Amino acid sequence: MSSFGAALTISQRSSPHRCTSKRDTTMAQPEPDAPVEDLRGTVLCIEDDPVNRMLVEAMLSAFPAVTLRLAVNGRDGIRAALEAMPDVILLDMNMPDMRGLDVVRVLSDRITDSACHVILLTAERFSIDLAKAMSLGAREHWEKPLCADTVYGGLCRILRSQPNESTVGALNA
């Protein structure tokens, strides 16, 4: 058996406390220079590959008020989502224990009844499984390897559109 180590350095952006995206052209752009400190929420990453989980963890470290929960397979991811539905699910489409499509099938009622934003992670540009998962409630897909601009821009856009405690409090006042 062999093992290896890796070091990951996320470069500081021109403004490390701002969230902007140049690459995300398929969806509405995030508000320019939105302070990441204002973005709150929970992200569940369902990913079997430890390197990909480390990359997501490193990328999400730029969001100090976002809670990251990790699941190493589909079954654990379903259990975690059913315990407390997150704001965002980053879902690997190809895991050894079950396909991402099967995870979406199990969670589809809960996904469509909540504000949960499911993002499919895959190296494929298009597949029948992607189309089926989207028809069951997944909202978009990001190609692997994940690009920091896609993650930053996408999370800014999604979390800015999610109601949080301060927004709800202001609306109820």
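## A β-α-β unit

Strand β6 (residues 117–122), helix α4 (residues 128–135) and strand β7 (residues 140–143) form a right-handed β-α-β unit. Right-handed means that, with the strands pointing away from the viewer, the path from the first strand over the helix to the second runs clockwise. Helices (H or I, at least four residues) and strands (E, at least two) are DSSP runs, numbered from the N terminus.

This is a predicted model: local features need pLDDT of at least 70, side-chain atom pairs count only at pLDDT 80 or more, and totals for chains, interfaces and linings use all residues. Residues are numbered from 1 along each chain as its sequence is written, and side-chain values use heavy atoms, with hydrogens and water left out.

β6 and β7 run parallel and are joined by four bridges; strands pair if DSSP finds at least two bridges between them. Leu-120 stands opposite His-141 of β7.

In a regular strand, side chains alternate between the two faces of the sheet. In β7, Glu-140 and Trp-142 are on the covered face, while His-141 and Glu-143 are on the uncovered one. Pro-145 lies in the loop between β7 and α5 (148–161), and the peptide bond from Lys-144 to Pro-145 is cis, with omega near -5°.

## Leu-120 and its contacts

Leaving aside neighbours within four places in sequence, Leu-120 is in contact (heavy atoms within 4.5 Å) with residues including Leu-91, Leu-130, Met-134 and Trp-142.

Notes:
Buried means under 20% relative accessible area, exposed over 50%, partly exposed in between (1.4 Å probe, protein chains only).
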